[in-house]
Amino acid sequence: MMKRYIISTGTVTYAIKGRDLLRRKGYNVKIERITSGKGSAGCGYSIILTGDIAPAEKLLRDAGVKILEINEK
Amino acid sequence: MIYLDNAATTGRKPYGVITAVAAALREYSANPGRSGHSDSLRAASAVYSVREKTAAFFGASGPENVIFTLNCTQSLNTVIKGVLHKGDRAVTSSLEHNSVIRPLVKTGAQFETARVSLYDDRETLAEFERKIKAGTKLVICSGASNVLGKTLPIADIGALCRQRGVFFAVDAAQTAGVIPINMKEMNIDFLCVAPHKGLYAPMGLGVLICEKMPEDTLIEGGTGTNSLEPVQPDSMPERFESGTVALPAIMGMSAGIDYVNRIGMNKLYEHEMSLCRFLYRELAKTDRIELYTPEPSYGKYVPVLSFNVFGKDSSEVAQYLSDKGIAVRGGLHCAPSAHRQAGTLDKGMVRVSVASFNTHSDIKSLVAAVKSIIK
């Protein structure tokens, strides 16, 4: 079974940038607003990804998407 | 009313802009970037798509560099007060609007003024070269004067700033959507835009594009993120976007960019400049008209032309024209620096500014009205 990850970006702008980038590469992703989590400092947006995290994370970082933290869901 | 006050705001908005604003009010009812429900995310995605379009239009690095503000003045204040502190050094031009001069004064920074030549851009560039000294932190200047229409050699000044390691900010109130701007190619660090002018957007929206992050924020407040923190988040654009953004105006701007792209900026510019040049030649035929620039040439001027009728105050002439059904602007245009250089601080100028919807017939009517004052 594919693993699910929460990629915390904090801002909605980085979440949408990351979501659109990953979707174009065929990833199964969506955005959720998450209140808890030390990376989000209260409120923030995250990308929920189902699939292989390592290449996805590289894609995001190479595109300048700020990642606060990544957790398995 | 024949509307020739487009340097203040373009007086006729394209149908696509009007319908885009109406559609935004209907279709995007939720606050973008505040909630997690689908309506909010859809609104946030719509705003994001305009950030992408705007970044591409101005040759910026990415959509996150595009900050929505209330107007171009707020964009300029954000840059000037975010970069400069008391005792810092800056350089500006002799044709600046109060939106640049007043925030510069407020910071307590020392600033020098480079005189803009109306005839030779090399002289202007040489002035900037002389004024930029060791320790200069920021150069800020208009893309074009809102009074005289003269463009500044932005690409050359940008290259100079890069060479000297100085931040470069451009007030593009009169040039965005009118002449091409590419931030990367022109080495512009901060671009301040008035979308309700050359991009035909609704009023109440400004754009600031930052290739570098200003140190300080102008205002602080809710950003929809990092709510536990008592300080602003450190990511653009949210760091500089406290409070809800003007989504309907943003969608209107998006349609305005489409309008400019569809017709072609060069085609629009050539049309507007041909009207300006026609006006200049007609006004130059009479010795009772005072003109302050050479005939506006392509690439060196934007479609803004100012004049006076000998012996008359500019506001009196503007009122006379208004009574004849022609909208122009008299006075000092919030830019006393430009009037100081032109020697018109006492009487101002009558400013005519052209947009895409204006016609030769509009200009002929203006010329006839001006001639009727002289008789």
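Leaving aside neighbours within four places in sequence, E229(B) is in contact with A41(A) and G42(A), two residues being in contact if their C-beta atoms, placed from the backbone, lie within 7 Å. The model is predicted, so that local features need pLDDT of at least 70 and side-chain atom pairs count only at pLDDT 80 or more, while totals for chains, interfaces and linings use all residues. Residues are numbered from 1 along each chain as its sequence is written, and chains are lettered from A and ligands numbered from 1 in the order in which they are written.

E229(B) lies in the loop between β8 and α8 of chain B; helices (H or I, at least four residues) and strands (E, at least two) are DSSP runs, numbered from the N terminus. E229(B) is partly exposed, with 13 other C-beta atoms within 10 Å. On this scale a residue is buried if 20 or more other C-beta atoms lie within 10 Å of its own, exposed if 12 or fewer, and partly exposed in between, with C-beta atoms placed from the backbone. E229(B) and S254(B) are 25 residues apart along the chain, and 33 Å separate their C-alpha atoms.

The contact between the chains takes 16 residues from chain A and 20 residues from chain B. On the side of chain A that touches chain B, the elements that give two or more residues are α1 (12-24) and β2 (28-34) of chain A. The largest share of that side, five residues, comes from α1(A). By class, the side of chain A that touches chain B has six nonpolar, six polar and four charged residues. Here Ala, Val, Leu, Ile, Met, Phe, Trp, Tyr, Cys and Pro count as nonpolar, Asp, Glu, Lys and Arg as charged, and the others, Gly among them, as polar.

Helix α1(A) packs against helix α2 (residues 38-57) of chain B at an angle of about 80°, with the axes 10 Å apart. Axes are lines fitted to C-alpha atoms, for helices over the stretch in contact, and angles run from 0 to 180 degrees between N-to-C directions. α1(A) is therefore roughly perpendicular to α2(B); angles of 65 to 115 degrees count as roughly perpendicular, under 35 as roughly parallel, over 145 as roughly antiparallel and the rest as oblique. V12(A), T13(A) and I16(A) of α1(A) make the contact with A44(B), S45(B) and Y48(B) of α2(B). The residues of this contact divide into four nonpolar, two polar and no charged.

Chain B is divided into domain 1 (2-10 + 265-374) and domain 2 (15-262), with bounds that come from an automatic or database domain assignment. The centres of domain 1 and domain 2 of chain B, taken over C-alpha atoms, are separated by 27 Å. In chain B, 28 residues of domain 1 are in contact with 27 residues of domain 2. At least two residues of the domain 1 side are supplied by each of α9 (265-284), β10 (304-309) and α11 (336-342) of chain B, and α11(B) gives the most, with five residues. The domain 1 side has 17 nonpolar, nine polar and two charged residues.

α9(B) also packs with helix α12 (residues 360-374) of chain B, at an angle of about 20° and with the axes 10 Å apart. α9(B) is thus roughly parallel to α12(B). The crossing of α9(B) and α12(B) is right-handed, the term used if the near helix is turned clockwise from the far one by less than a right angle, and left-handed if anticlockwise. Residues of this contact include L275(B), F278(B) and L279(B) of α9(B) and I363(B), L366(B) and V367(B) of α12(B). By class, the contact has eight nonpolar, one polar and one charged residues.

M251(B) is in helix α8 of chain B and is buried, with 27 other C-beta atoms within 10 Å. Residues up to four places away in sequence not counted, M251(B) touches A20(B), V21(B), A24(B), A46(B) and V50(B). M251(B) and V50(B) are 201 residues apart in sequence, but C-alpha to C-alpha they are 7.2 Å apart in space.

Some backbone features occur in loops of chain B. The peptide bond from M236(B) to P237(B) is cis, with omega near 5°, and P237(B) is found in the loop between β8 (206-210) and α8 (247-263). N226(B), in the loop between β8 and α8, is not a glycine but has a positive phi of about 50°. N226(B) is buried, with 23 other C-beta atoms within 10 Å. H333(B), in the loop between β11 (326-327) and α11, has a positive phi near 55° and is likewise a residue other than glycine. H333(B) is buried, with 24 other C-beta atoms within 10 Å.
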